[in-house]
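Q: Please take a close look at a single part of this model and describe it in detail. Then go on from there to the rest of the chain, with the cut-offs behind each term.

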Amino acid sequence: MSSLQPVRGTHDLLPDESRRHRRVEEIAFSAARRYGFGEIMTPIFEFTDVFARTLGETSDVVTKEMYTFSDRSGESITLRPEGTAGVARAFISGGLAQSLPLKLFYRGPMFRHERPQKGRLRQFHQVGVELLGVESPLADVEVIALAWRVLSELGLASKVRLEINTLGDAESRETYRNTLVAYLSEFREALSEDSRNRLERNPLRILDSKDEGDRRIVENAPLMNDSLSPAAREFFAQVTDGLHALGIPFVLNSRLVRGLDYYCHTAFEFTTTELGAQGTVLAGGRYDELIATMGGVRTPGIGWAAGVERLSMLVGDIPDTVRPISVIPMGDAVAAMVVAERLRRMGCNVEMGFSGNMKKRMARANKVNARFAVILGEEESARKAVTIRDLDTSTQDEVPLAQLEEHLGRLL
């Protein structure tokens, strides 16, 4: 039989790593609930048009990274590369416009065909939030505050930096677009092929280019701040004032952009220097025109997404705080299994010692960091009792089976 390996860019999450992932997700969801967010679960695949419309036909995700295939009906289907598009589609198809404002939290696997590297896989996981239906800059402040709360409760506040910028309103972006195109047109021949294609259709995406030649040109490009309307300046001032009021530290990054036309006003990223080139761990922004672009009614929105893999790498090892009880049958195994089920019904995690002599089974109990061992040998069975050994102190007591739950309840 040939040796089977996981597909390149995928990764098995074994228990230790899975525990880190789960902790990231649980802390994010717990914080989101405190901010009034409910969980939404969208399918992991959608009609391709859902992403082509929202991410832009010239984006790297659409042109190079999506996993797209035709199903048996000939429909073009795509594994989701990100979460916002599916949430927006659900908002439209579910007729949720009457339920605004909506606060939604999501989590789960995403898929992008890109070069695998540290912290970046082809199947990866994200947690994210979307706040729909609120025009006020206070919504931006709240969404960023939730991101800061999640990172703080993961113990990462000292490892990340919040970078923030404004993309302005429609008037500001039109002014800036014209200014940017005029500047970049002088370097048309020096731009990469991708950037030349984007120059007329979506010039803001050039600011995100990874091509070194493009980056040198962009270094001296005009800034969005110089094109802001008075209303856009006031909106951003309320966002930054709100962050100051909440004590959330940030730095202004005038080069931070979101290249799609429906993005506006606030754009932000939490970055770190501890993961090499993969410095962004959480990113978001306001997208007031997204749902209208997809065919729905104009609905303001703001959200963020965070990579679970990158966050779990920053968090590091997380000990399992729930210690099991090890049930060790040295006589009647069925009777021991009945004891194990009684303990599980009272809420205990139970590890069953299936085989081996007493020494090996106790070694297994210590390996899984059990708090107590419940030993059921032939002598204990005859007396309708068990021996409960405290594995931290090495003390033990014989306890009648009828009093098992009561006794362990006091110890726990």
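**Strand β9 and its surroundings**

A: T166 has T266 as its bridge partner in β9. The model is predicted, so local features need pLDDT of at least 70 and side-chain atom pairs count only at pLDDT 80 or more, while totals for chains, interfaces and linings use all residues. Residues are numbered from 1 along each chain as its sequence is written, and side-chain values use heavy atoms, with hydrogens and water left out.

Strand β9 covers residues 264-271. Strands here are DSSP runs of E with at least two residues, helices are runs of H or I with at least four, and both are numbered from the N terminus. Strand β9 is mostly covered, with eight of its eight residues buried. Buried means under 20% relative accessible area, exposed means over 50%, and partly exposed lies in between (1.4 Å probe, protein chains only).

One partner of β9 is strand β7 (residues 161-166), which runs antiparallel to it and is joined to it by six bridges. Two strands pair if DSSP finds at least two bridges between them. Besides the T166 and T266 pair, L162 has F270 as its bridge partner in β9. Strand β10 (residues 280-286) is also joined to β9 by six bridges, again antiparallel. There T271 has T280 as its bridge partner in β10.

These strands belong to an open sheet of eight, in the order β1-β5-β6-β11-β10-β9-β7-β8, with mixed pairing. The edge strands are β1 (38-39) and β8 (251-252), each of which pairs on one side only. In general, strands of a sheet pair through backbone hydrogen bonds, either parallel or antiparallel.

Within β9, H265 stands out by its backbone angle. H265 lies in strand β9 and has a positive phi of about 50 degrees although it is not a glycine. With a relative accessible area of 10%, H265 is buried. Most residues other than glycine have a negative phi, and most peptide bonds are trans.

N369 has a positive phi of about 60 degrees without being a glycine; N369 is in the loop between α13 (358-367) and β14 (372-376). N369 is partly exposed, at 39% relative accessible area. The peptide bond from L100 to P101 is cis, with omega near -5 degrees, and P101 sits in the loop between α4 and β5.

A cavity is a set of points on a 1 Å grid over the protein atoms alone where a 1.4 Å probe fits but cannot get out, and lining residues have an atom within 4 Å of a point. A search of the whole structure finds one cavity of 30 Å³ or more, and the largest cavity has a volume of about 50 Å³. Grid points are joined across faces, edges and corners, and the volume is the space filled by probe spheres set on the points. The lining consists of I40, M41, T42, R80, G83, V87, Y106, R107 and M110. These residues divide into five nonpolar, two polar and two charged. Here Ala, Val, Leu, Ile, Met, Phe, Trp, Tyr, Cys and Pro count as nonpolar, Asp, Glu, Lys and Arg as charged, and the others, Gly among them, as polar.

M41, one of the lining residues, has its C-alpha atom 9.2 Å from that of G86, 45 residues apart along the chain. G86 is in helix α4 (residues 84-93) and counts as buried at 3% relative accessibility.

Helix α7 (residues 193-201) has S195, R198 and L199 as its buried residues. Seen down the axis of α7, they fall within an arc of 125 degrees (taken over the directions from the helix axis to the C-beta atoms), so they line one face of the helix. The face turned away from the buried side carries the exposed residues E193 and R201.

The protein chain is divided into domain 1 (15-169 + 229-313) and domain 2 (325-410), with bounds from an automatic or database domain assignment. Their centres, taken over C-alpha atoms, are 47 Å apart. Strand β15 (residues 385-390) pairs with strand β16 (residues 396-400) in the antiparallel sense over five bridges, and V386 stands opposite V399 in β16. The two strands form a hairpin with five residues between them, and S394 in the turn has a positive phi of about 65 degrees.

Note on methods
1 Å grid on protein atoms, 1.4 Å probe; cavity = no way out; pocket = protein on both sides within 12 Å on 5 of 7 lines; lining within 4 Å.
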